[in-house]
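Take a look at the structure below. The text after it walks through a few parts, one at a time.

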Amino acid sequence: MKAHQLALAAAALGLMATTVAWAQKSTTEAIDEYREMLQDGNPAELFEMKGEDLWKKARGPKNASLEKCDLGLGAGVTRGAFVQLPRYFPDTHQVQDLESRLVTCMSTLQGIDPKEVVNGQWGKGERANVTALATWVAAQSKGMTFDLPQSSPQERIAYEMGKRAFYQRGGSHDFSCATCHGEDGKRIRLQDLPNLTKNPGDGVGFAAWPAYRVSNGQMWTMQHRLNDCYRQQRFPEPTYGSAVTIALGVYMGVNAKGAKSAVPAIKR
Amino acid sequence: MGDPMRIRAQAKDGNVLVRILMSHEMESGQRKDSSGNKIPAWWIQEVTAKLNDKPVFSCEWGPAISKNPFLQFTIKGGKAGDKVSVSWKDSKGDTRTDEATVS
Amino acid sequence: MQTRRQTLKQSAAAAALVAGAGLLPQHALAFNKAAFEAKSLHDALKDLGVSGDPVASADVTLTAPDIAENGAVVPFALSTKLPDVKALVLLVEKNPNALAAVFQVTPEVEPNFATRSKMGETSDVYAVAVTKDGKALFAKKEVKVTLGGCGG
Amino acid sequence: MNKSTAFILGLAAVTGTALVGCAGGSGAGTPSSAELDAMAQKMVQESFHDKGIVKVKEALVPDETLRDCDAAAVAGHPIAAATEKKLEAENFKTIQWPADGKYLGDWKSGEKIAQSGKGRTWTDKADSANGGNCYNCHQISKEEISYGTIGPSLYHYARLKGVTDPNSPAAQDIVKYTWGKIWNAKAYNACSNMPRAGYKGVLTQKQVADIVALLLDPKSPVNQ
């Protein structure tokens, strides 16, 4: 009996090294399985519904809908717009991402004060409305491939400035975007980190946001994603729609060329 | 009365597969706010469903069910064009009912 | 420590006792505050009108992930092949209140339900089929809950 | 919030800079790399605002080490060897060695510090204890399977570094290196991804000693 137990213990010890490697792999597989189980029934659909309603409904001091909003492909065209943003808009003389462009439309068409979004809080008021709108608009491009325009000098300069912002370290911990997202195959704790200096693949990185975050049950746009990245980088807060957020969007979006949009995704 | 539910009802092999997403905080009663006070529980307690006005399904939930709840069940019988209506009632007495057509 | 055999014997005896005394609540599965506020698995089931200890059954199925990347949303599916089941119950043993959901098994629905629950920590999760005569048959699975990166 | 940036909803990359000349797309050419550097600097300074305990002035203060290394990364080539040596020497000078001469603290406390990723974000309080963030990037003890891979595995660190007794004279170089690396990683690799936890005041001397013990104490799970 005792000898038998000892033999088992010895066998277990002998197996230790391989079990550790195996356990690690199976953890990753199990988490993939978990993620797969969440795909059907993504609560992002609730935000899509709200966004579609907000797009079509007459609102604001001008009591108008957003159906004439030009997201880059002409007034009212939503399908395909998301996979070409951020881009340069001649009317505002600015490169804009989806959220900042929606704010422009809400301001010009509906008379809603941009301050309500820029100075607002996540998940509240007009900023929450922009999130729902962005979710619905982005979902119209589901399955399409990213192809951001780089034909104007503004867009090319935005890419170069975005690249510099991506590599710029600072804060108490010397972190930049590149610290975590500059190489292939890296992880933080158990979370895979997409390499955002190139196309990280379909449905990951830039091509995955807006996404529903299961950790807090919130819908996050790219503006929100960047905001929280900078928080964890120990940076100060980037202003909503500010130049650095747009430039980073251009840098990551151009790098993601050819990636299929999985938006709206569901994320940890 | 909360935001609308997303209800998908699909006829399949003589049955109707119903999948629902509800918009609700489902506050567990375990969390604390930034000043350290417990946030009171607030959750959907009952969900019921009808097929063409006939009650067919009911369940009761505790506050452990996740925020923005997902629910799936299968009604025996039923066909495309039938109406599925779903109602919930939460711990504050708030209710909401939405309807979908079986596809 | 009791053997399974002893447990089974005792639970059968207890069930007979309760049923015999006519104590089985008529509407045990209508919204049940006591059951949802019970701390333990055992108390929650008792409040749902179950008599005796639950018994493992291959005819009850619980589908759950091995590992939940985030305890805020853990997907579960419960089903059973058993006859005369009046409810399928989802319990997370280590949650502050074990009972998460009670699905009524009506003649109009398949005994097959799916939802998502929060889990405070790694725990055994139970799918319990409660029969019309107050017996509880279960399937269980341990679900590991991992924490995310970055400390926030 | 900085009022002047509050309403920039987008990036006016051309207007508002020295590059008005090419706004019409006349082919006047793209700005030089140095001009882009200056534009990006200005953009970053204007895009952020103070929040909580994090101040723009402190977080985005010019730093020679970061500037030179980040510029090399943008250009896509390694930093020049001479610059690297100079930066490492400057960073080395910042290392504070233990005041009491004790390099190894308590590995159990070190494990807790290694696990914690808290501190110094705009949602943290000024007086909250900072974590070391170690497991975010490194494998350390075998028991913790939730570890990152940005840095190398530190499991069996003592053996990897050839240390059997951290108190022996033979081990002193490695013990000091381990302390110094945690205090200021850029003293040994100018462009390291690793924070300068002591130099930037994130970790205290006691916390550094506890992490050194986690890595080198023969009783630590790292060395089992």
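Predicted model: local features only at pLDDT ≥ 70, side-chain atom pairs only at ≥ 80, totals over all residues.

Residues are numbered from 1 along each chain as its sequence is written, chains are lettered from A and ligands numbered from 1 in the order in which they are written, and side-chain values use heavy atoms, with hydrogens and water left out.

Start with confidence in chain C. The scale is pLDDT, the predictor's confidence in each residue, from 0 to 100. Chain C has a mean pLDDT of 82. In this chain, 76% of the residues reach 70 or more. Over residues 1-29 of chain C, pLDDT stays under 50. Contact here means heavy atoms within 4.5 Å. For residues 1-29 of chain C the model has 27 contacts beyond four places in sequence. Residues 148-152 of chain C also stay under 50. For that stretch there are 16 such contacts beyond four places in sequence.

Now turn to chain D. Helices (H or I, at least four residues) and strands (E, at least two) are DSSP runs, numbered from the N terminus. Chain D has 9 helices and 1 strand. From the N terminus, its elements run α-β-α-α-α-α-α-α-α-α. The next term is burial: buried means under 20% relative accessible area, exposed over 50%, and partly exposed in between (1.4 Å probe, protein chains only). Of the 224 residues in chain D, 48% are buried. Take the contacts in chain D with a separation of 6 or more: 56% of them come from residues 24 or more positions apart.

The disulfides come next. A disulfide is a pair of cysteine sulfur atoms within 2.5 Å. How many does the structure hold over all chains? There are 2. One joins A:C69 to A:C105, with an S to S distance of 2.0 Å. A:C69 sits in the loop between α2 (44-56) and β1 (87-89) of chain A, and A:C105 sits in helix α3 (residues 98-110) of chain A. The pair links distant parts of the chain, 36 residues apart. The torsion about the S-S bond of A:C69 and A:C105 is about 75°, so this disulfide is right-handed. A:C69 is buried, at 1% relative accessible area. A:C105 is buried too, at 3%.

D:C69 and D:C191 form a disulfide as well, with their sulfur atoms 2.0 Å apart. Here the value about the S-S bond is -80°, and the link is left-handed. D:C69 lies in helix α3 (residues 64-75) of chain D, while D:C191 lies in the loop between α8 (172-183) and α9 (205-216) of chain D, so the pair ties together parts 122 residues apart in sequence. Is each end buried or partly exposed? D:C69 is buried, with a relative accessible area of 5%. D:C191 is partly exposed, at 27%.

A:C229 is in no disulfide, and the nearest cysteine sulfur, that of A:C177, is 6.9 Å away. A:C229 is partly exposed, with a relative accessible area of 23%. D:C137 is in no disulfide either. Its nearest cysteine sulfur belongs to A:C180, 6.1 Å away.

Next, see where chain A meets chain D. Two packed helices are described by the angle between their axes and the distance between the axes. Axes are lines fitted to C-alpha atoms, for helices over the stretch in contact, and angles run from 0 to 180 degrees between N-to-C directions. The axes of helix α9 (residues 243-255) of chain A and helix α1 (residues 33-47) of chain D come within 8 Å and cross at roughly 125°. That makes α9(A) oblique to α1(D). Angles under 35 degrees count as roughly parallel, over 145 as roughly antiparallel, 65 to 115 as roughly perpendicular and the rest as oblique. On the α9(A) side, A:A243, A:V244 and A:A247 take part, and they meet D:M43, D:V44 and D:S47 in α1(D).

Stay in chain A for helix α8 (residues 222-232). This helix is mostly covered, with 10 of its 11 residues buried. Among them are A:M222, A:L226 and A:Y230. Just after α8(A), A:R234 takes a positive phi of about 65°.

Finish at D:Y177, in helix α8 of chain D. D:Y177 counts as partly exposed, at 25% relative accessibility. Leaving aside neighbours within four places in sequence, D:Y177 is in contact with D:Y157, D:K161 and D:Y188.
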